Amino acid sequence: VTMGVLPGERPMFDVWGPTVNLASRMESSSEPMMIQCSETAYRAVIGDPANRFTFEAPRTVYAKGFGNISAYFVKKASENPAKELREQLGLEACAGSFIFAA
């Protein structure tokens, strides 16, 4: 990702590069009211221990400049991931912080 300030009467900050282009392709090839991500993003999310998403099976989409790629729709997200993660880790609220439950 490259970023910079574009000069002019009103300078603007902009970000560009392959990552931004792929995100744009994912958005334009998605379905209304759906979240679609690339395989790279999918692998990063499922590899995160705090992941609270489930995904539909991959589908192949054509992304200009990238060719055919695997894309995943988010199927479901936890309603309260922070609470569920605290419960999963066995954390309890204590004086404005959290401690491991005994």
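Modeller: Start with a cut-off: exposed means over 50% relative accessible area, and buried means under 20%. Keep in mind that this model is predicted.

Colleague: Why is methionine 33 called exposed?

Modeller: Its relative accessibility is 84%. The cut-off is over 50%, so methionine 33 counts as exposed.

Colleague: Where is methionine 33 placed?

Modeller: Methionine 33 is in the loop between helix H1 (18-28) and E3.

Colleague: What makes the phi of methionine 33 worth a remark?

Modeller: Most residues other than glycine have a negative phi. Methionine 33 is not glycine, yet its phi is positive, near 65°.

Colleague: Now glutamine 36, in strand E3 (residues 36-38). Is it buried or exposed, and how do you know?

Modeller: Buried. Glutamine 36 has a relative accessible area of 9%.

Colleague: What makes the pair of glutamine 36 and arginine 59 a polar contact?

Modeller: A polar contact needs N or O atoms within 3.5 Å, one able to donate a hydrogen and the other to accept it. The side chains of glutamine 36 and arginine 59 make such a contact at 2.9 Å. The glutamine 36 side chain also reaches the backbone oxygen of methionine 26, at 2.7 Å.

Colleague: Which element has the highest mean pLDDT, and which the lowest?

Modeller: Strand E5 (residues 59-63) has the highest, 94. Helix H3 (residues 81-89) has the lowest, 69. The protein averages 82.

Conventions: Residues numbered from 1 in each chain as written. Predicted model: local features only at pLDDT ≥ 70, side-chain atom pairs only at ≥ 80, totals over all residues. Heavy atoms only, no water. Helix = DSSP H or I, 4+ residues; strand = E, 2+ residues; numbered from the N terminus. Buried < 20%, exposed > 50% of the residue type's maximum accessible area, 1.4 Å probe, protein only. pLDDT = per-residue confidence, 0-100.
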